[in-house]
Amino acid sequence: MEKRNGIMGTSLNNIITSQMTKSIYTCLFLLFCGLTAMAQTKVKGKIISTEDEILSYATVVLLNPVDSTLLFFGVSNEEGTYEIDNVKPADYIIQFSFVGMTTIYDRVTISSEKEQDLGTRVMEISSLQEVIIAGEYIPIKFKGDTVEYNAKAFKVKPGAVVEDLLKKLPGVEVDKSGNIKAMGENVTKILVDGKEFFGGDIKAATKNLPAESIDKIEIFDKKSENAEFTGVDDGITDRTINILLNENAKKGYFGKVSVGAGSDMTEPDYNTYYKVGGNLYRFSSKFQTAILGNLNNINELGLNDNDRDWGSQIDGLNRTLAGGLNVSYNKDKNNRYFMSYTGSANNVNLIQNTQTEYFLSEGSFDQINDLTRITDSYPHKVNFGLRRSYNKKHKITVDGNFNTSSTTTDSESTQSSTEDAILLNDLENNTIDLSKALSGSMKLDYMVKLNGDTTQFGIRVDASVNDNNSELDWNNRTRLYNPDSLEMVNQYQDFYTNNVTLSSKPTITQRLSKRWIFSAAAEVGNKASTLNRIQGETRGETTSDSLSPNFNTNQLYVEPSVTLRAKFNTNRFTFNVSTPFNQFDKVLNDESLGKTNYFYLTPYFRYDNNYKKGKRLRFRYTTNVIMPTTSQLIPVVNTINPLSLSSGNIELTPQYRHDMRLSWSMFDQFSFTSLYAQLRGRHTQDKIGWSRTTNENFIQEKVPVNVGYESTLGTEIYFSRPIKKIGLDINIDSYEDFSQGISLVDAKENVLSSMSHGIEIYFENRKTDLVEFYFGGSINITTSKYSIATSLDNVYLSTDYYAEFAITPSDKWSFDVSADVVNYTSQNFSENIIIPIINSSVSYNFGKKGKHSLELKAFDLLNKNTSFQIFNQTNYFRQTQRNILGRYFMLSVNMKLGKGKGKGHGGHKGGGGYH
């Protein structure tokens, strides 16, 4: 590892300037091309009721007069006016629709003039006997705080899934990783016909459910179930997408099976790749059943594990067999039971290189670690729950999960430390680890309304258990060079941890008036933790008592609290004060180390103001107490790595954290403009950090300590809007983050101050049928400054440019190509990392109604794929590279199953152009 001398200065600045200049010129060029290519015809008008009332958020649709399919649409604003841009001159059927009004159909001719005013249209209140026209394409409706999209009005390619449909919807954005923003805010919950799906795994629904089975998409802010039942707003909301299935999808089972085989086409081995997957669904008014399965060696996981979802890419080379089952049963509208299971067998072959620069109180030294690891794991997860209402006054809610896994890890690693290119020490390690884990939790809520809705009583019971066992065998070859010495050690370590938590929280709520609500609660709980470690040279025969502790902690706590809620017009306030009292007992080898009592005051304040339709202001201030864990407390050294010794600190005290978040969001239904701005901050008192000392042989000793404080401050601004003149959507996401933390280096206090700046800009056109594309880029700059080793101050730059182009010339053919170029540059590491990735695919649909398809996929055509990460910590800077799946070509056969197919979407030509 080479280190750059001095400050990078001119070199890094040149790189930043060059990258930003390229981004600006690229965007300007593409914008110019769009401006010269797009039409400028505009259709406008006004909509009122027979009572001369302005009708805001009415939908105006231009239909093909031949087959009545949707071509263009727009939405009226708060003045009742509408504008539809880039309309081609032709004859149309124009449709005016509004909730509660009779839909109007008229013929209209759009001329070649740049602007055509259709005047004022008057709508009448609909009668109860009005007949709903089958196949009517009203693309979007606004029902109070809910936005409803008609899936049939947005055409997607054959074989598309829900994620592809969401990309078509105005006001909805889906990024490269499948994360969803709706009206500018992150979607945190997905429902299918109002029901949970695979334990809340968002991507399990969006990446698997076929788009042709969808009738409507609803987007709204879902209140907590307690708030929905009691009518008392507790401030807990989730931006939610509810996927409503069409009637054909409820008439039988449906699904898909896919089989693929391929090769990397690299001599002489010609590694082969395979993928077998499928899903099967059966939905009805009472039952919801889904089965998912996947077998592959192309790095696609099959279950949600540690934030890695169905189909996600992961490090190393992976073989996966996975399956899942989701079942929901609605006995009636007040009683629902649900369960989901996911399980897999995973084999991971990982090769990793890590370069770390540690700094001392004076100077620094470098460390290189090379790791080869093979892991076999078998995780299983069950989620379950019920919602039961005996009548309008009583409700029981149960949510739980159960997890189990067994893992075998076989690893080899080498580690060496140098100072000014002089070798200080090195280590060779071979390890076999057999581990098992078992965990589960359950939450029960009981709510009852007393005295009408004036008085309410609720009680919550929480229970959880977490049990882990590990049998570790290793041998180390350790060499020190000043003076020269060699030590070879063969040892074992059996590691056992157990954590059990049980708590109960009764709450009484009293409505004082229309504006004021008072609540009182008292949570009582117990948290017991055990850490048992047995270490020696020969398993079952020799044990090192000094390295084999039995450590326990027991926490008894009582937390009374009072809450006052107020509502004035659109303003909502919540004040809460709790006073947790903790008794903390620590026991080492059956000997108590003393009980300690902790008492805190933890205030909470929330303010919400939905002051205008589509506009919201929020403020949150919370405080909480974080107790030290058993592994942080245990005062016994761990010698698995003889060059990096770690132990706990029995003197640790709890951390006291303050969090603040101020946000403002806006969604304009008329222009489909989203804007979200956020200011967030955190300050932690008595932060638990690390004290790191290095001896004359450069052996490190790490101990957790209360370092004083850690503070962070950040902002985020997200903006999305269609640019009508060029027919593209623009999305801008920027952030600024500042953090400051403390660590102890050789008993000296070091302060790390870090500032990060980032912006991502991308353009997309996913609303048409024939051609879809997006392109954009991001730049992230992080500067780090150390109070001790100022010569190690670092500037880190990463850029990412990407584009995707897809064309669907007919219902039979579709083509797709994507490119992504990532660049990493750091002042402290001389290597400039550039990772270009190009993928492409072509698919052909055949058979009755396109029931079968062939797909040829080329992944990483340049064979450049790699995983790269950089970390800045308070006493080191680290760069890590891992192997990942490289180039391959795969031919897949896909077949739809069952009779419960939807009718597809649209068939219209325009795909829903909008203002």
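1. Let's start with aspartate 193: its relative accessibility is 17%, so it counts as buried (buried means under 20% relative accessible area, exposed over 50%, partly exposed in between, using a 1.4 Å probe and protein chains only). Its salt-bridge partner is lysine 250, with 3.7 Å from N to O. Lysine 250 is partly exposed, at a relative accessible area of 27%. A salt bridge here is a side-chain nitrogen of Lys or Arg within 4 Å of a carboxyl oxygen of Asp or Glu.

2. Before going on, keep in mind that this is a predicted model, where local features need pLDDT of at least 70, side-chain atom pairs count only at pLDDT 80 or more, and totals for chains, interfaces and linings use all residues. Residues are numbered from 1 along each chain as its sequence is written, and side-chain values use heavy atoms, with hydrogens and water left out.

3. Next, look at arginine 882 and aspartate 315, whose side chains form a salt bridge at 3.4 Å, N to O. Arginine 882 sits in strand β48 (residues 876-882) and aspartate 315 in the loop between β18 (287-296) and β19 (317-332), so this pair ties together parts that are 567 residues apart in sequence. Helices (H or I, at least four residues) and strands (E, at least two) are DSSP runs, numbered from the N terminus. Arginine 882 is buried at 17% relative accessibility, while aspartate 315 is partly exposed at 27%.

4. Now try arginine 606 and aspartate 608, which meet in a salt bridge at 2.7 Å, N to O. Arginine 606 is buried, with a relative accessible area of 2%, and aspartate 608 is buried too, at 8%.

5. What about the wider picture of charged pairs? The structure holds 36 salt bridges. Glu196, Glu225, Arg336, Arg387, Lys395 and Asp399 are linked in a network of them. As background, side chains of opposite charge can pair when their charged atoms come close.

6. Finally, a sheet to find in the viewer: three strands form an open sheet in the order β10-β11-β12, with antiparallel pairing. β10 (172-174) and β12 (185-186) are the edge strands, each with a single partner, so one side of each has no neighbour in the sheet. Two strands pair if DSSP finds at least two bridges between them; β10 and β11 (residues 180-182) are joined by three bridges. To place the pairing by eye, valine 174 stands opposite isoleucine 180 in β11.
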